[in-house]
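Thanks for coming. I will walk through one structure this morning, and I will keep to a few places in it. Please have the viewer open.

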Amino acid sequence: VAVAKFRLQLPDIERYSGSPMQGVGELMAYPPRTREEARRRIRQSTRRAVLGILCFLLTIGGESCSRGNQPTDAITLTLIDQGWFSSDYQGRLNEIAEFTRETGIRVEFLPGPETAVEQLATYRKLLESGAKVPDVYGIDVIWPGILADNLLDLRAYIPEQEIKAHFPELIANNTVNGRLVALPSFLSEGLLFYRADLLRKYGYRAPPMTWKELEVMARRIQSGERANGNKDFWGFVWEGAPSEALTCNALEWQVSEGGGTILDENGKVTVNNPQSIRAWDRAARWVGSISPPGVVAFKESDAANMWRAGKAAFLRDWSSGYIAARAPGSMVRGRFDIAPLPRGSAGMTATLGGAGYGVSAHSLHPREAAMLVRFLCSRNVQLTRLRKPNEAPTIPELYEDPEVLAHNPHWLRVLEIFHKGIALRPSRAARKMYPDVSRAYWEAVYAVLTRKKSAAQAADELERMLRTPDVRASADLNKAPAQR
Amino acid sequence: MRGTIRSPFRPSDLSIRSRLIACFVLIVLLMIAADAVAIWQYWQIEALAQRVRKTDQISDAVVRVHLYVYSFRDKIAAVASTHDIPQFSSEAAEIRRSFLEQVDHTEQMLRTTPDIEQNAHLSYALDSLRVTLLSQLDTAVQLATAGEWNAVQLRAAIEIPALIEFSSSLVDRVDQQAREKRNEASEDAQKARQRLFIIVPVAALLTLLTAAALGWYVTRTVTGPLSILTARAETLAHGDFQHKVQLRGNNELAVLGNALNYASEQLQKLYEDVRRSEENLRGVINTVPAHVWSASPDGALEFVNERLLKFVGLPSDDILGWNWESVLHPDDRARFFARWRAALKDGRSLESEIRLRRADGQHRWFFVRSVPVRDEAGNITKWYGSSIEIEDLKRAEEGRERLRQVQSELAHIHRVTTMGELAASIAHEIRQPISAADINAKTCLRWLGREQPDIEQAREAVSRIIKNVIRASDIITRIRLLFKKGEQQREWVNVNDAIGEIISLLRSEAVRHAISIHTVLAPELPLVMADRVQLQQVFMNLILNGIDAINEADIAGNERIAGNLTVKSQRNGADQLLISISDTGIGLPPEQADKVFDAFFTTKPHGTGMGLSISRSIIESHGGRLWATGNPDRGTTFQFTLPIEPAATAVA
C-alpha cells in the first residue's frame, strides 16, 4: 500500500529514466519512504551508472578516433606556374611568403613544365579531371578560351576598380563570355634585340626598320664577324622549332605583311593569302643564310642562349628576355638594345604574350585562392617586383613611375609597341581548338622553313585543314556552352 | 507492482542463468573492447612507423631522381662534345629509359602513400620534371640532329641547371615533408603510447569495476529472494502455513517461491487430514471394548486409552511409565514382570493372563497381548498392546472343570457299579488262567514226579504257568485300573489295543449269553490323545449295551438266533477315527435313537439309564461325537468318532 501511494505521488519521475545524474537527483529530491523504495532507487542509479561507464568507454574510443582525422587549421593553397623558367623564380617565392605572412594562408608552389604546350597539357589534364589541387593556375595569355570552363569568374571576388586598373586589352583577352577567368600579372611582347656595338661597328646608327633592312644588316655583320674569325657567328636568330614560339614568330612576319591572324575574330580562316605566303617564303630564305640551319630546332631559350653567348647580331625574343640579357655576367650586358620588330608592308607588329592567374572551379578554397590571385596581380606586388628589372606590369599607371622606369628603361618602348602594333593570336576565336589550330599553323610554317613544302602549298593545305568540318564543328561546339 | 508504470524490462524476468550469462558476456565484451582499443592504439603506432618508413623511402627515391637529373647535365655535355649524332641519339634513348624508370618507381611509391602525396604534390612536380626533362632531351636531340652542338652545350649550361635546382628543391620539399612526417609520427606515436598507457589500466579498472558491480548486483538479486525463501522455509518448519512468499518475475527463485507456497498449502491440507484421522483413530481407540496401550522399547508405558484409565480409575500419570505395576494383582506381579522382561529382551510377542485392580478395588482377569513394532533394520521401535477382560471366561472355565470332575466321578461310580454287576464274569475270567495254572502246575509235578523227571516237559509246564499267572495279573491290573478314581489322564492311546483289552475282559460275559464278539480292526491306525480308562469305559458300556439288547431279543422272541456283536475301527477321513459296535439285538425304535443318550432313560428293567449318557459326555469331552442308528436287518449300531491329533499321524 505504501508503494502504491508513493507511486501516485511521483508518476512523472517514475516514467523518466535519463542520465545517471537524474537518478541521483531523484534520490535526493524525494527521500525514499521505505527500504524497498530506497533499494529500488539505488538499483536504478546503478543501472544508469553502468550505462554511463559504457558511454565513457565508447567516448574514449571515439575521441581518439576523431583525433586521427582532424583537418589542419591553416588552409593550404597550391599554385602552379611556369616555375623555374620564369625569370624571377626566387622573387615569386618571396611574394608567396609575403602572402602567407599577411593572410596566414599557406601556399605550396608547384612549378609547371617548361614549354607552353606541355604546361597546357598538364593544366588541362588537372582541370578537366576535376582535381581539387592546384587551386591557382598561372594562365598564359592564349589559354583563357581553352580553360575557361574550369576556371572561376574572378569578378565575384575582386573589386571592380582593381580589375579596371589593368590594360583593358588584357582584361578583354581574359574575359570569356563575360566571365573574367584570369587576372593579368605581367605583360610580354615580341621584340627585336640587337647588338648595338656591332651595329655601330658596321656603321649603322639605328636598328633596322624593315625586314629588308634587317636582312641586309644581318648579312653584312655576319660575314664581317666571320671574317674576323668568329666562325659560327650568325646574323639573326629566332625561335624556329615546331612549337608555339614558331606560331608567335610566324604570326609577326605574317601580320606585318598584312596576312591576317590565321582566323579572324569570327573564326573565319584567313591564312591562305599572298601576304602570308610572301612572309613565310622570306623567313625560309633566312634559314641557312642569315640564320643557322638549326634555327628550325631552336626554342625560345636556344635562340636567346646563342645571342646572349655573342654568336648572333639580332634576336627575336619576348620582352622579358631583356632582364636576362641585362643580368650581371651576361656577355651582351651593356652591348645591346631593343627595338620594335621590323615592319613589313602592313607595318610594325608584335605578338602579345604574358600571363595572369586564374582560380580552379574545383578548388576547395575559392575565396582564399581568389585572394592569392588578387595579391599576385596587385599594384603593390607589381610595384615591388619593379624595384629591380622585371617583367612588364599589366597596370598602365606603373609605366609612369620614374623609379620604376629607372630600373626598367625599356618599358617605355614596350608600352609603345603594345599600343601601336600588338598582334593577338587567334586563341579567343579558336577557343579550345586553339592548340590544334596553332599546331597546324606551326607545322605548316615549319614545313616551309625546312623546304619540305612550298609556302603556297603549305598555306593551301593549312586552309583546307582548318576548314574541315571536324575543326569547325568542335570550334562551334566549344562556343556553344559559353553562349548560354 | 510498479511494473505497470516502469519500463517493461525487469531483471527479475530473466532467469538467474540468463542473468549470469548476460553478465559474463558483458564482461567479456568489455574486455574485448578494451583489448580492441589497445590493439588499435598499438596498430596506430605501427602504422605511424610504417608511414615514416614509407616517407623515408620516398625521400630516398626523390634523392635518386635528383642525382639522376644532376648527372643528366654532365652526360648531355659529355656526349655533346663528341658531336656524334647517332651516339647522342642512342645515349639520349638510354637516358630517357632509365630516367623514366626512376620516376615511375618514385611515383609508384607515392601512390601507396596518398597523405604524403597530398601534402607535397610530389607527383605533379615529378610529372612536370619528367615532362620537362624529356622535352629538354628531345630538344637536345633535335638540336644535335640539326647540328647545333653549340645550342646543345648552351642548354646544358643554362637550362639544365634550373632543372637541377628544381629537382633539388623537390628533394628539399620531400625532405621537409619527411621531417614533418617523422616529427608528426613520433609525436603521434608518443601520444598513442601515452594513450595506451592510460587506456589499458583504465579499461582494466573499468572492466574490474563493472565485473564487481555486476557480480554484486547479480548476487544481490539472488540472495535477496533466497533469504526470503529461507525465512519462509523456517517458518514453515515451525508449522506456520499462513504466510506466502511474494517473489516477482519469472526466474528460478520465483518458481521456487511458488513451489514453496504450493507445498505449504499442500502441507497444511495434509496436516489437517492427519489431525482429523488421528482424532478418528483416537475415538476408535478410546471406544474400542478393550484396553489399548503402547510402550517404548524399554517397556515404559507411553499411551493408554481412556477405557483403561476409566477401568483403573487413575489419572494417566499414575499409569504411564512403570507406574502401571501398582494395578497388577500382587500374585501376578512377579510372573508377569518376568515374562514382560523376557519379551522385551527377546522381542517376542507376549500373551498372558493377569489380574488388574479395578477402580472399586476388585481384581479382574485380563488377557494381555503385546506385539513389537520394528523398523526396517529390525530394531523394535514400539510395543503395542491390548488387554481384554476375561473374568467371565475364567468363571465359565471353572464351572466346566467342576462339571468334568462330577462327570468323572459319576463315570467312576458307574464303572464300579458295572464292575460289580460283572463280578461273576470277571471272576470267571480270572479263574480261567488260574485254573490253567493249576492244571499246568499239576502237570509239572507229574513230570517232575516221574522216576526220570522230564525236566523239559516240566519247564514247559512252568512257563505255561508263568503265562497264565501273568494273564491273570493283567486282568486284575486292568480291573483295578477301571476301579481307580482320579483325574483325567490324557495319553497316547492305541484304540485297537484298548478295544482288545475290554473284549478280553468281557469274553466270559458274552460266552455266558452265547454271544460271539467279532472284531474288524483296521491296522496301523494313528494313536489318539485320550483318557484310556474313560475310553475303555465307553467300549465296555457299548458292548454290554449290545449284549443286553441281544438278550432282550432272546427273551421277547421265540426262536433263538446266534447273537453277534461286531466291533469295527477304521479311519474316517484325514482327521478322525470311526469306531462302531453293531449288535443283532432288539433294535431301537427310530424315535428313541437320540433319547437313549438322555440320563436316566432306559429300556431295561434293571438298568440305571446312565451308561450311554456318560459315554456320550466322555466322547464329547474328547472332541468326538457319539450316535446310534438302527441296522437295516436287525439290531442297532453305535458309532463314535475321535479326532486325530495332527502330531499323532506319524505315530503308528
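What follows is a tour of selected strands, helices, loops and cores. One caution before we start: this is a predicted model.

With strand β10 of chain A, residues 350-359, β6(A) pairs in the antiparallel sense over six bridges. In that pairing, Glu189(A) stands opposite Leu352(A). With strand β8 of chain A, residues 312-318, the sense is again antiparallel, over five bridges. There, Tyr194(A) is placed opposite Phe314(A). Strand β9 of chain A, residues 336-339, also pairs with β6(A) in the antiparallel sense, over four bridges. Here Leu192(A) faces Ala339(A).

Phe314(A) leads us to the nonpolar cores. The largest one has 150 residues, and Phe314(A) is among the four that touch the most other members, together with Trp253(A), Trp280(A) and Leu449(A). The largest share of this core comes from chain B, where helix α5, residues 149-237, supplies twelve residues. A second, separate core has 49 residues, including Ile479(B), Ile503(B), Phe539(B) and Met610(B).

Leaving out residues up to four places away in sequence, what does Trp253(A) touch? The list includes the tryptophans Trp211(A), Trp238(A) and Trp286(A). Also on it are Leu246(A), Ala279(A), Arg282(A), Ala283(A), Val445(A) and Leu449(A).

Helix α12 of chain A, residues 244-256, and α21(A) have axes that come within 9 Å and cross at roughly 70°. Angles of 65 to 115 degrees count as roughly perpendicular, and α12(A) and α21(A) are therefore described that way. On the α12(A) side, the contact is made by Glu244(A), Leu246(A), Thr247(A), Ala250(A), Leu251(A), Trp253(A) and Gln254(A). On the α21(A) side, the residues are Tyr434(A), Ser438(A), Tyr441(A), Trp442(A), Val445(A), Tyr446(A) and Leu449(A).

Most residues other than glycine have a negative phi. Arg451(A) has a phi near 60°, a positive value, and is not a glycine. Arg451(A) sits in the loop between α21 (434-449) and α22 (455-466) of chain A. Is Arg451(A) buried or exposed? At 52% relative accessibility, Arg451(A) counts as exposed.

His83(B) has a positive phi of about 55°, although it is not a glycine. This histidine lies in the loop between α1 (16-82) and α2 of chain B. At 48% relative accessibility, His83(B) counts as partly exposed.

Among the buried residues of α2(B) are Phe88(B), Ala92(B), Ile95(B), Phe99(B), Val103(B) and Leu110(B). In an α-helix there are 3.6 residues a turn, so residues three or four places apart point the same way.

The last stop is a sheet in chain B. It is an open sheet of five strands in the order β2-β1-β5-β4-β3, with antiparallel pairing. Which strands are at the edges? They are β2 (301-304) and β3 (350-357) of chain B, each pairing on one side only. Neighbouring strands of the sheet are turned by 25° against each other on average, direction ignored. Strand β1 of chain B, residues 291-295, pairs with β2(B) over three bridges, and Ser294(B) stands opposite Phe303(B).

Two helices pack on this sheet. Helix α8 of chain B, residues 330-346, touches β1, β3, β4 and β5 of chain B, and its direction makes about 150° with that of β3(B). Helix α9 of chain B, residues 391-421, touches β3, β4 and β5 of chain B, and its direction makes about 120° with that of β4(B).

Glu391(B) belongs to helix α9 of chain B. With a relative accessible area of 7%, Glu391(B) is buried, because the cut-off for buried is under 20%. Beyond its sequence neighbours up to four places away, Glu391(B) touches His363(B), Arg364(B) and Trp365(B).

Definitions and conventions
Residues numbered from 1 in each chain as written. Chains lettered and ligands numbered in written order. Predicted model: local features only at pLDDT ≥ 70, side-chain atom pairs only at ≥ 80, totals over all residues. Heavy atoms only, no water. Buried < 20%, exposed > 50% of the residue type's maximum accessible area, 1.4 Å probe, protein only. Pairing = 2+ DSSP bridges. Axes fitted to C-alpha atoms, helices over the stretch in contact; angles between N-to-C directions. Contact = heavy atoms within 4.5 Å. Core = buried A, V, L, I, M, F, W, Y, C linked by side-chain atoms within 4.5 Å. Parallel < 35°, antiparallel > 145°, perpendicular 65-115°, else oblique.
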